[in-house]
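Me: I am new to this structure and would like to learn how to read it, one feature at a time. Could you take me through it with care?

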Number of protein chains: 2
Amino acid sequence: MKFSKATNYALHTMLYLVAAPAGKSIGVRPLAEFQNVSPTYLSKILTQLVKAGLIASTPGVHGGYRLAKSKDAISFLDIIQAVEGTASLFECGPGHDAGFHEGCLIRSVMARAEDRMERYLQEQKLIDLVDRVDGHMLEFIRREAQ
Amino acid sequence: MKFSKATNYALHTMLYLVAAPAGKSIGVRPLAEFQNVSPTYLSKILTQLVKAGLIASTPGVHGGYRLAKSKDAISFLDIIQAVEGTASLFECGPGHDAGFHEGCLIRSVMARAEDRMERYLQEQKLIDLVDRVDGHMLEFIRREAQ
DNA sequence: ATAATCGTAGACAAATCGAATCTACAATTA
DNA sequence: TAATTGTAGATTCGATTTGTCTACGATTAT
């Protein structure tokens with residue numbers, strides 16, 4: 001069980017957008033270059049964030065991606081669930097449902113465990129990290145902010 | 001991101017063993033039949049639990065699997081980590097490490113979130129579930145306990 | 001001893017999923 | 001109208017998961 005690389009790309013892109021000047025649109029190219037990933041692939045991931053209402057996109061000459069909500073309203077969980085989905089991490093499976101009609105006891109424990117993690121990720125906002133981003137990222141942001 | 005089916009099988013098998021009479025060895029066949037999985041495949045999973053020191057196995061006529069620790073010393077986390085491993089759920093990736101030499105900020109948040117879930121799973125013991133297992137499983141246990 | 005029983009190990013195969021590329025297309029702006 | 005930029009779909013590649021099959025080794029009952 002692993003978080004996908006797509007989630008990694010999504011989180012770093014969002015940190016980038018949160019750290020960038022408010023309201024500014026940034027194209028996929030610099031976002032992708034920053035993370036050493038292909039623009040089309042990153043675009044596919046960011047489209048999921050658009051559909052989740054976290055960011056907005058505009059085509060055209062000075063288009064790109066920008067935040068669709070206020071910076072302090074974006075949690076880790078929002079981003080992760082936009083990419084990974086919201087299904088439970090643990091499924092009991094048909095072979096076991098037959099034995100546990102009223103709901104699998106194990107599954108309910110696993111669901112509560114998952115909930116612990118999700119509640120923490122809901123509390124954590126990217127904005128709390130921006131004043132600690134390192135020089136390499138800041139350099140990218142400054143260059144693009146012009 | 002999903003827990004594997006193997007983890008599901010492992011947890012249910014362990015619940016079975018915890019609910020069974022103490023010290024009794026139970027063969028793979030009934031354990032596998034109970035979960036509608038092939039005996040050889042389940043055996044492969046249970047071997048991981050043996051290597052983790054959670055259960056012990058004995059070959060031969062009345063052999064099988066039995067608990068290797070006291071019932072109240074077996075947590076969900078023990079079983080899950082025996083099957084899934086102990087690696088972090090989130091890796092920052094080489095493309096990002098280049099930018100975050102001193103340690104990825106995002107990764108540290110993710111690690112803390114994972115720790116929330118793991119601490120809960122460490123607290124949860126299978127023994128707390130046995131007096132609530134349903135009739136179908138109890139029927140299997142009773143039949144096998146003779 | 002010897003045969004039946006049972007777990008183990010390894011090779012192997014199928015199916016699923018993640019990661020990524022490529023191409024054509026649609027929308028916006030200069 | 002042309003350049004720019006995001007979008008969608010098909011497709012490929014590889015890794016991982018989920019099994020199966022078979023031969024082997026250890027134990028016990030007769």
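**Reading the model, feature by feature**

Reply: Leaving aside its neighbours within four places in sequence, B:Ile79 is in contact with B:Ala10, B:Leu11, B:Met14, B:Leu49 and B:Leu54, where contact means that the C-beta atoms of two residues, placed from the backbone, lie within 7 Å. This is a predicted model, in which local features need pLDDT of at least 70, side-chain atom pairs count only at pLDDT 80 or more, and totals for chains, interfaces and linings use all residues. Residues are numbered from 1 along each chain as its sequence is written, while chains are lettered from A and ligands numbered from 1 in the order in which they are written.

Me: Which residues have the most contacts inside the largest nonpolar core?

Reply: In soluble globular proteins, nonpolar side chains tend to be buried together. A nonpolar core is a set of buried Ala, Val, Leu, Ile, Met, Phe, Trp, Tyr and Cys residues joined through C-beta atoms within 7 Å; a residue is buried if 20 or more other C-beta atoms lie within 10 Å of its own, exposed if 12 or fewer, and partly exposed in between. Here the largest such core has 83 residues, and A:Met14, A:Ile79 and B:Ile79 have the most contacts inside it. Of the 146 residues of chain A, 35% count as buried.

Me: How many helices and strands are there in chain A?

Reply: Helices (H or I, at least four residues) and strands (E, at least two) are DSSP runs, numbered from the N terminus. Chain A has seven helices and two strands, and from the N terminus on its elements run α-α-α-β-β-α-α-α-α.

Me: How many bridges join strand E1 of chain A to E2(A)?

Reply: Two strands pair if DSSP finds at least two bridges between them. Strand E1 (residues 55-58) of chain A is joined to E2(A) by four bridges, and the two run antiparallel, with A:Ile55 standing opposite A:Leu67 in E2(A). Five residues lie between the strands of this hairpin, in which A:Gly60 takes a positive phi near 95°.

Me: How many residues does the contact take from chain A and from chain B?

Reply: The contact takes 41 residues from chain A and 40 residues from chain B. The largest share of the side of chain A that touches chain B, 10 residues, comes from H6(A). Moreover, 98% of the interface residues of chain A are also interface residues in chain B, so the copies meet through the same surface.

Me: Which residues are the closest to DNA strand C, and which come nearest to DNA strand D?

Reply: A residue is near a molecule or strand if its C-beta atom, placed from the backbone, lies within 6 Å of it. DNA strand C is surrounded by 26 residues, of which A:Ser4, A:Lys5, A:Ser38, A:Gly60 and B:Ser57 are the closest, and the largest share of this surface, five residues, comes from H3(B). Around DNA strand D there are 26 residues, and A:Pro59, B:Ser4, B:Lys5, B:Ser38 and B:Gly60 come nearest, while H3(A) gives the most to that surface, with five residues.
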